[in-house]
Amino acid sequence: MKRRVLVVDDDAAIVEVLEMRLLTMGFDVTATSDPQVAMAAVEGGRFDLALFDLRMEPTDGITLMESAHAHQPRLPVLIMTAHGTIETAVNAVQRGAFDYLTKPFLRDELRAKIARALASRRWARDRERLLAVGQTLASSGIMARVLDAVAQGAVETTEAERCVVFQQEHGRLVPMASAGSTPPSWPALEAAATAAMAKGLPVTFPGTEGAAIVAAPLVVQRGPMGAVVIETAPGIEPTEDDLDLLALFTSQAAVAVRNTHELERLRSGALAALGRMATEVAHELKNPLAGLRLYARHLEARLTKGGDADGAGLAQKITSTVDHLASVVQEITAFGRPPELHRVPTALHALLDECLAFAQAKCEAAGVEVIRAYDPACPDALLDARELRKALLNLVLNGMEALGAGGRLTVGTSYRAETRIVTIVVEDTGTGMSDETLSRMFDLFFTTKPQGTGLGMALARSVIDLHGGELTVHSAVGKGTRITIRLPLEPVPGGARA
Ligand SMILES: Nc1ncnc2c1ncn2[C@@H]1O[C@H](COP(=O)(O)OP(=O)(O)OP(=O)(O)O)[C@@H](O)[C@H]1O
Ligand SMILES: [Mg+2]
């Protein structure tokens with residue numbers, strides 16, 4: 001596709017001459033004497049280069065450039081002037097022009113400056129692309145963050161209106177991250193993603209109002225795992241350059257996604273080993289602790305008998321400390337035990353209410369607004385109510401604890417009869433989590449709380465996993481945290497992960 005150049009000069013003769021020259025250089029030229037016509041063209045589509053005359057009435061070239069940059073910030077502009085002084089040149093460049101041209105034009109100067117402006121634009125874009133990809137690769141190793149960076153990077157490098165990253169999950173495409181403005185039509189983007197994955201190559205489709213949708217598959221070893229889909233602004237057709245860039249970018253993104261998968265796998269392997277060790281240690285501690293408790297009770301009884309109230313009080317403290325230790329140990333052994341689910345018909349909303357009531361009683365929740373958004377269509381389910389209560393309670397408690405002085409805690413459900421999957425969301429407007437916390441929250445004993453044991457999240461995930469479900473976390477520091485659980489209502493054959 002030809003590169004598009006916009007020429008504006010109030011001298012019709014110059015417009016004509018430039019148009020001819022640029023046409024012979026192989027450009028697609030829009031040339032006009034009217035700044036309003038020029039702005040309409042900028043608003044309607046993207047240009048690769050603009051040449052504006054400096055002295056024009058009523059809008060001078062620099063003002064026109066600034067209006068154009070409001071629409072297309074990186075449009076390279078050459079300012080033309082018959083009275084080229086160093087001052088005007090410096091002023092033009094300071095205010096965002098790429099360079100300036102003196103009239104009358106020397107053929108070679110025109111050619112050279114145009115070539116340089118176009119090349120540097122490419123270069124600037126490439127540099128930004130590399131930066132974005134670098135950041136993606138070096139980012140924290142959390143899949144949600146990597147996909148966000150991919151979406152953001154794709155929008156910035158291709159100057160698209162929006163980007164959505166889809167991932168294949170349980171046989172359907174799920175939007176995992178997006179950047180830019182909200183899509184007018186999700187099905188159109190999803191259809192493009194499906195086509196790109198089937199073809200294994202970038203594909204282009206017409207979008208809404210003359211926009212274009214381009215999808216490139218995210219190919220990881222075993223085949224496409226999803227697609228990066230961009231949509232351009234209305235009236236803008238992607239160039240060959242854009243397609244190349246998107247293909248290159250997606251292949252880099254695929255590397256980042258693969259590395260992150262690998263990292264997550266390693267992490268969970270190490271975690272499992274650590275969990276086994278913790279369980280063994282806990283097991284070894286159980287009997288001595290029981291002994292210790294017994295001795296402390298004896299001591300307490302003796303001291304009470306002997307009338308030593310202070311001593312008895314101390315012995316009592318030993319007992320209760322030992323009790324606390326024993327309960328931690330019990331939690332660890334329970335965690336390490338290959339768990340078996342005892343599924344019983346369970347009313348999920350009643351279970352959630354129970355957790356909320358308990359959490360509200362436990363936490364000082366004066367300034368906390370609790371919102372329940374239950375889907376009445378959600379039926380009773382075959383679940384292990386006891387295990388699930390522990391998991392959900394921890395999530396609700398974490399939310400409350402993150403809220404501290406005040407904020408909103410939302411607990412919601414939504415049910416899809418076709419899939420028999422209920423989605424539970426626990427969302428708070430609290431402190432949110434840093435990247436470090438996000439990457440470690442499922443680690444056993446990882447806690448940022450003075451009184452925390454750091455078992456809650458690990459337990460919650462393992463319970464949901466055992467039910468064949470899925471727990472995902474979105475969090476932003478200072479904004480809050482959203483935990484999403486997808487839970488099948490009954491055992492999925494082969495669905496539970498051990
Ligand atoms: N909703 C949340 N908002 C902010 N941080 C959270 C949230 N949920 C979990 N975290 C972070 O993850 C860490 C681990 O959570 P986890 O539930 O595993 O342990 P804990 O709450 O610290 O202790 P406990 O074992 O008593 O639950 C927390 O210490 C906290 O830093
Ligand atoms: Mg917790």
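Which residues coordinate the magnesium ion (ligand 2)? I found Asn394 (OD1) and Asn398 (OD1), at 2.2 to 2.3 Å. Donors are N, O and S atoms within 2.8 Å of the metal (3.2 Å for Na, K and Ca), and water is not among the atoms, so sites may look incomplete.

A note on conventions. This is a predicted model, in which local features need pLDDT of at least 70 and side-chain atom pairs count only at pLDDT 80 or more, while totals for chains, interfaces and linings use all residues. Residues are numbered from 1 along each chain as its sequence is written, chains are lettered from A and ligands numbered from 1 in the order in which they are written, and side-chain values use heavy atoms, with hydrogens and water left out.

Helices (H or I, at least four residues) and strands (E, at least two) are DSSP runs, numbered from the N terminus. Asn394 is buried, at 15% relative accessible area. Buried means under 20%, exposed over 50%, and partly exposed in between (1.4 Å probe, protein chains only).

**H11 and H13.** I next looked at what packs on H11. Helix H13 (residues 456-466) does, at an angle of about 140° and with the axes 9 Å apart. H11 is therefore oblique to H13. Axes are lines fitted to C-alpha atoms, for helices over the stretch in contact, and angles run from 0 to 180 degrees between N-to-C directions. Angles under 35 degrees count as roughly parallel, over 145 as roughly antiparallel, 65 to 115 as roughly perpendicular and the rest as oblique. The crossing of H11 and H13 is left-handed; that term applies if the near helix is turned anticlockwise from the far one by less than a right angle, and right-handed applies if clockwise. On the H11 side the contact (heavy atoms within 4.5 Å) includes Asn394 and Asn398. Among their partners in H13 are Met457, Leu459 and Val463.

**H10 and H11.** Helix H10 (residues 348-362) and H11 (residues 385-403) have axes that come within 9 Å and cross at roughly 45°. H10 and H11 are therefore oblique to each other, and their crossing is right-handed. I counted this contact by class as 14 nonpolar, 1 polar and 3 charged residues. Ala, Val, Leu, Ile, Met, Phe, Trp, Tyr, Cys and Pro count as nonpolar, Asp, Glu, Lys and Arg as charged, and the others, Gly among them, as polar.

**H2 and H3.** Helix H2 (residues 35-44) packs on helix H3 (residues 61-71) at about 15°, with axes 9 Å apart. That makes H2 roughly parallel to H3. The contact is made by Pro35, Met39, Val42 and Glu43 of H2 and by Leu64, Ser67, Ala68 and His71 of H3.

**Backbone.** Where are the cis peptide bonds I noted? One joins Glu57 and Pro58, with omega about -5°; Pro58 is in the loop between strand S3 (49-53) and H3. Another joins Lys103 and Pro104, with omega about -5°; Pro104 lies in the loop between strand S5 (99-102) and helix H5 (107-138). I also noted Arg420, which is not a glycine but has a positive phi of about 55°. Arg420 sits in the loop between strand S14 (407-416) and strand S15 (421-428).
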